[in-house]
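Please read it with the coordinates open beside you.

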Amino acid sequence: MGAYIARRLGYSIITLIGVATILFFLLQATGDPALVYLPQRASAADVEAFREAHGFNDPILVQYARFITNFLTGDFGESLNFGRPALGLVMEFVPATVSLALAATIIAVVVGVPLGILAAVKRGTAADTLLMTGALTGLSIPDFWLGLMLILVFGVELGWFPISGRGGLDHLVLPAVTVGVAMAGSLARLLRSNLIDALGQDYIRTARAMGIRWSKIVAKHALKNASLPSLTSFALQVALILTGVFVVEVVFAYPGMGRLVINAINQRDFAVVQTGIFLAGVAYVLLNLVVDVVYTYLDPRIRLVAD
Amino acid sequence: MVGLQITSSTPVRRRPGTIWRHKSAIFGLILFGSMLIGALLAGWVSPYDPGAQDLSASLQPPAFAGGSTEHLLGTDRLGRDILSRVLHGGRISLLVAVAAFAIQSTVGTLLGLLSGYLGGRVDQVIMRIADIQLALPGLVALLAAVAIFGPSLFNLILFLGIAGWPGYARIVRSEVLSLRERDFVEAARVLGATRGRILRAHILPNVLTSLIVIATIATPGVILAEASLSFLGLGAPPDVPTWGTMVNDGRPFIATAWWVSMFPGLAIVVTVLGINLLGDTIRDVMDPRSRRLR
């Protein structure tokens with residue numbers, strides 16, 4: 001078990017070095033990295049001074065080694081627009097994004113789990129078709145557009161919720177629903193198919209033959225076995241859907257990390273962009289690691305193979 | 001001797017037939033097909049030139065919401081006809097989706113074949129690169145790349161194409177791993193076929209069916225990503241009508257002129273839902289395991 005975690009940890013670090021490498025070469029591919037960091041109106045003398053000061057005139061391997069070392073030690077450079085270290089700046093916006101992501105996940109679980117169970121139990125009926133078409137529709141709606149439509153209906157027409165910024169819980173409702181809809185759809189589909197799989201197993205037939213109540217069989221035996229694979233796939237999808245949070249933050253003018261980074265892209269504040277992308281990479285890798293370890297812990301069959 | 005009657009021990013399975021026996025596939029085809037035809041025929045069926053401005057008719061509501069029948073879906077801030085723009089906007093979305101698919105599937109299949117068939121170091125390296133790419137926050141990384149290299153249709157397609165290969169490579173790799181051990185591949189090897197020939201003539205044709213399945217999963221993602229990038233102003237150039245750009249155009253008027261954003265967004269929903277419905281059925285028909293789950 002320990003060896004397994006250590007190996008997975010090693011892979012994670014390699015992946016993060018890889019992410020930093022991609023960011024480095026993305027810069028080099030532009031032809032002149034110094035220009036990317038500087039405002040477009042910078043004079044030739046300014047550019048040369050910047051190059052000299054930040055070592056852009058050094059051999060490329062030296063630059064690469066410095067870049068990676070800086071990243072791994074948490075030095076992501078300075079933000080041009082804010083004139084302060086990019087890491088500290090981005091970190092200030094992380095809590096807002098995390099709370100939005102958490103709220104969206106809660107909505108997804110509260111909506112997606114019951115619908116998935118219902119669809120699996122009622123498999124093949126009109127209710128199942130309706131629920132699954134609904135789930136698929138949820139996955140098919142572009143989040144930025146859904147956000148605008150929610151603003152129109154619940155913010156403008158009904159005036160129930162604030163439509164921008166960050167404040168109390170009410171500010172979180174519309175953005176969290178916007179992100180949560182696709183997540184709920186995805187979770188309901190996953191859970192349904194895993195649950196149907198579990199319900200087809202021999203031990204379910206045995207339980208039925210023993211006269212155990214159907215509701216108890218579903219809740220106690222099938223659901224338990226279906227939730228593990230669903231959880232794994234869902235955790236990975238959360239990571240993917242979460243990049244949607246970034247766009248939704250823009251729509252709701254929600255002061256999170258995504259809005260900060262997207263604004264930084266538009267203003268060519270590349271240190272902030274790199275920091276944001278790298279931190280998102282860290283979050284993805286950590287989530288994967290945790291899921292893998294938890295899965296191994298919960299499922300003894302995998303533990304045997306891993307050891 | 002009494003003749004032995006051989007009966008199947010498993011119940012006869014319902015024949016999947018073609019995908020057209022599934023209602024949801026037909027529904028999906030109608031949705032996707034109508035958007036596709038609209039985009040293809042946009043030049044002929046559009047009532048107006050999508051770029052034609054008419055400032056005297058700016059922000060006209062749709063015909064069913066108090067507007068005139070001259071502009072069935074209303075007009076935007078510059079008085080451009082929304083229906084014509086939605087029809088033309090589909091061209092970009094579908095063009096980007098098809099072109100990005102071509103890149104993704106070519107790169108992904110090639111690397112997946114190499115990874116699965118050669119194994120060892122090559123496999124390790126390719127799969128690690130796939131892991132690294134999956135760790136990048138897709139949309140933001142795309143945004144950054146497009147911003148650095150300059151927003152253009154070509155860059156958009158290129159980066160969407162590059163972003164999508166790991167999904168294809170992983171699935172092709174796992175297919176190859178199981179195909180590699182099959183008897184017909186072994187037979188070809190014993191008969192002296194070269195690696196290249198085995199890959200080309202024996203493994204590739206068997207992998208192609210799963211490509212269709214991955215494509216139905218990946219294409220909706222490509223269309224949504226293109227729309228998001230265009231919405232954020234870093235997709236297609238601003239003078240080209242695309243659904244994402246049009247939704248963004250309507251943002252400032254969401255409280256007063258909802259139709260500017262609503263219709264292009266609906267077009268995205270209909271297209272993506274259509275492909276998703278078709279894809280679900282194709283997957284069911286092609287993959288016996290998932291068919292059992294239905």
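1. Which residues in helix 1 of chain B meet helix 3 of chain B? They are Phe32(B), Met35(B), Leu36(B), Gly38(B), Ala39(B) and Leu40(B), and on helix 3 of chain B they meet Leu87(B), Gly90(B), Arg91(B) and Leu94(B), where contact means heavy atoms within 4.5 Å.

2. This is a predicted model, in which local features need pLDDT of at least 70 and side-chain atom pairs count only at pLDDT 80 or more, while totals for chains, interfaces and linings use all residues. Residues are numbered from 1 along each chain as its sequence is written, chains are lettered from A and ligands numbered from 1 in the order in which they are written, and side-chain values use heavy atoms, with hydrogens and water left out.

3. The axes of helix 1 (residues 23-40) and helix 3 (residues 82-118) of chain B come within 7 Å and cross at roughly 105°; axes are lines fitted to C-alpha atoms, for helices over the stretch in contact, and angles run from 0 to 180 degrees between N-to-C directions. Helix 1 of chain B is therefore roughly perpendicular to helix 3 of chain B, the classes being roughly parallel under 35 degrees, roughly antiparallel over 145, roughly perpendicular from 65 to 115 and oblique for the rest. By class, this contact has seven nonpolar, two polar and one charged residues (Ala, Val, Leu, Ile, Met, Phe, Trp, Tyr, Cys and Pro count as nonpolar, Asp, Glu, Lys and Arg as charged, and the others, Gly among them, as polar).

4. Helix 3 of chain B also packs with helix 10 (residues 243-250) of chain B, at an angle of about 140° and with the axes 8 Å apart, which means that helix 3 of chain B is oblique to helix 10 of chain B. Residues making this contact include Arg85(B) and Gly90(B) of helix 3 of chain B and Trp243(B), Met246(B) and Asp249(B) of helix 10 of chain B. Its classes are four nonpolar, three polar and two charged residues.

5. In chain A the secondary structure comes to 13 helices and zero strands, where helices (H or I, at least four residues) and strands (E, at least two) are DSSP runs, numbered from the N terminus. The C-alpha trace of chain A spans about 85 × 60 × 30 Å along its principal axes.

6. For the second largest pocket, helix 1 (2-29), helix 3 (44-53), helix 4 (60-72) and helix 12 (270-298) of chain A each supply at least two residues of the lining, and the largest share, five residues, comes from helix 4 of chain A. By class, the lining has eleven nonpolar, seven polar and three charged residues.
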